[in-house]
Protein chains: 2
Amino acid sequence: MAPDTWRRYAILAEGAFGELPSKTAMGVISYGRDLVVAVIDSRQAGRNVSEWLGPEHDIPVVATLGEALARPSVARQPTALLIGIAPQGGRIPPDWRAIIVEAIERGLDVVSGLHELITDDPELSALAATHGVELVDHRRATERHEVASGRAHRPGCHVILTVGTDCAIGKMTVALELRKAALAAGLSAVFVPTGQTGIMIEGWGVSIDRVISDFANGTAEWLVERAEDMGDWIFVEGQGAIDHPAYSAVTLGLIHGSTPHAMVLAHQPGRHSHHGWEGQDGRGSPLKSVVENIRLYETVAGAVAPSKVAAVALNTAHLSDHEARAEIERVAAETGLPVDDPYRFGPDRLFARLRSFLEAGGR
Amino acid sequence: MAPDTWRRYAILAEGAFGELPSKTAMGVISYGRDLVVAVIDSRQAGRNVSEWLGPEHDIPVVATLGEALARPSVARQPTALLIGIAPQGGRIPPDWRAIIVEAIERGLDVVSGLHELITDDPELSALAATHGVELVDHRRATERHEVASGRAHRPGCHVILTVGTDCAIGKMTVALELRKAALAAGLSAVFVPTGQTGIMIEGWGVSIDRVISDFANGTAEWLVERAEDMGDWIFVEGQGAIDHPAYSAVTLGLIHGSTPHAMVLAHQPGRHSHHGWEGQDGRGSPLKSVVENIRLYETVAGAVAPSKVAAVALNTAHLSDHEARAEIERVAAETGLPVDDPYRFGPDRLFARLRSFLEAGGR
């Protein structure tokens, strides 16, 4: 994407900003190349994104699209509305439709990563044509009807897949942080987006959860093949969790399709139940321990190609520095693996350990 | 489907009849309710289906559609052409297109279960409209965008999923045979079709491999929910294999979506490598032992809901009676489970063992 086509986003996160469903908003703000000029969430209006993500993200939270468009500097007015949530099932909240219509009528492109495709909506498509704006569905998957072929990785490549004890636990962030560390170490490194937010950030990729299930493994294989033309250190964004009652098929397609040399397990201390998943009886679905997860992922991956969990990445955002370091020590002792919070304490140490493991031929 | 809408099929299996890719033809002939009046395979022309499937299937194999239509009795002339193969990737073989066009021009409906949807083909659709015939794509999946909710099974139901050491190894047949035994025992029993052939046979179901991967688990859950309204003994047709490099995502979606009370493992003695899957290096992908498969399926299923492999169904078609019985004994000794070939020796014994296990609360 050339810089002159970059957009200025107002991110719609009504009622959700700062919470888990707004992980798309958070990811695009933290890692994306397009400028974010406003977040829309009437519940949080008047606050600033810097309160959540640090001083380098000076972005106002406003109550309405009108407010975002009324900013005095044109360079701080949005040119596009980005749907900033990733709800279960991927539908557009019904009361957001009026805001999308307003955006189109006021000349903004609309960018979405939801299953409910805006480009398939006749009313929105017609309106967009009338107003000369673009609708973008990042979740519309490349229509590749190829099953996995079992190709070998290019010699010299290291393929690392992030996996998790749950969905929405930081797998994308961990992959992006490790890629950053690999680049900082002077290596050629690639991030492979497999979900809507990663695609919005990176400008390529496929939402693997949108692919016809027969081609999930094959599409993952193909994404890695493409990445092997771009660099040697390949960080594949994981999805879901292997024991998640709703998303495990997506997770397994990525594992068996990408046949990683190593996996990095993402976990959030203190999370005890699968996110947003209560089950009909309301009992939810308890998370397994980190050790049980490691065993399960290695067993399942190994059914097709051997792969070790070579490191654990903890998301310690809710802990104090002291608590975070204690938890990292605890999990390191429990697992015998390199453990860190790469977002909080920087990814370099964890990547260095991962690199040693892989360059020593660990698999 | 009312009897007056039943079709008379000519099954197109050019170059494949009697071999694994023609499993759709074999399944529809063996278990379907529609009449099959001819099989088209020029390589085998002059033979009779009874040579493969026994005297109750007196169906000529002919070289061309023209021959099938030229039979003297109208009641033995086809009213529809059924695409009788299930190739990897699900494309229509290019040289079959002319036969499909001919069928439409001669007034036949065309029924397909391939990924390449005939109803999406503008030329075929236009031609069908001109000639007033129907095109049917059994693989076009119900567009249900619901993730699994974790619903509990209806009390009194027994949900049994067939799984396999490989794809194309008899999972559908085992489920159909066990359903037959349950009906014979006076129980209310349901077969849940999850693939194109099962749907052609049974008249309902969803090709789970066609579903958007995010909804694979949810669709499997929903199919079982529907089945629980139809009967107490529910036999879910399995797909693929959990260690199949290309299809494992589909397999796992079924396991975690249907949360079976028990699994029945299908295996073919003498098959050593995953069917039709050589890998780019030509080394193929070796099958694991029956014991390893049992451990793997129970581990993977148990990540969401505990489920035991309660029986093993062997496909001994290539063995003599003596060899078949010896192999059944051997696997029974090795696994400590009920083992039989339900197609060859009848399903009643295996079902009786499965029933005891489940009625005793085994899970």
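Copies here are superposed by least squares on the C-alpha atoms of residues with pLDDT of at least 70 in both. The model is predicted, so local features need pLDDT of at least 70 and side-chain atom pairs count only at pLDDT 80 or more, while totals for chains, interfaces and linings use all residues. Residues are numbered from 1 along each chain as its sequence is written, with chains lettered from A and ligands numbered from 1 in the order in which they are written.

**Exercise 1.** Work out what rotation superposes chain B on chain A.

*Solution.* Start with the general idea: two copies of a chain are related by a rotation about an axis and a shift along it. For this pair, the rotation is 180°, the shift along its axis is 0.0 Å and the RMSD is 0.0 Å. The two copies are thus related as by a two-fold rotation axis.

**Exercise 2.** Describe the side of chain B that touches chain A.

*Solution.* Take contact to be C-beta atoms, placed from the backbone, within 7 Å. Chain B puts in 42 residues, and chain A puts in 42 residues. Next, look for elements of chain B giving two or more residues: these are helices H8 (216-228), H9 (248-258) and H10 (290-302). (Helices are DSSP runs of H or I, at least four residues; strands are runs of E, at least two; both are numbered from the N terminus.) H9(B) gives the most, with six residues. Finally, 100% of the interface residues of chain B are also interface residues in chain A, so the copies meet through the same surface.

**Exercise 3.** Is Val28(B) buried or exposed?

*Solution.* Buried means 20 or more other C-beta atoms within 10 Å of a residue's own, exposed means 12 or fewer, and partly exposed is in between, with C-beta atoms placed from the backbone. Val28(B) has 23 within 10 Å, so it's buried. Val28(B) sits in helix H1 (residues 23-31) of chain B. Leaving out residues up to four places away in sequence, Val28(B) touches Ile11(B), Val36(B), Leu82(B), Thr197(B), Met200(B) and Ile201(B).

Methods
Two residues are in contact if their C-beta atoms, placed from the backbone, lie within 7 Å.
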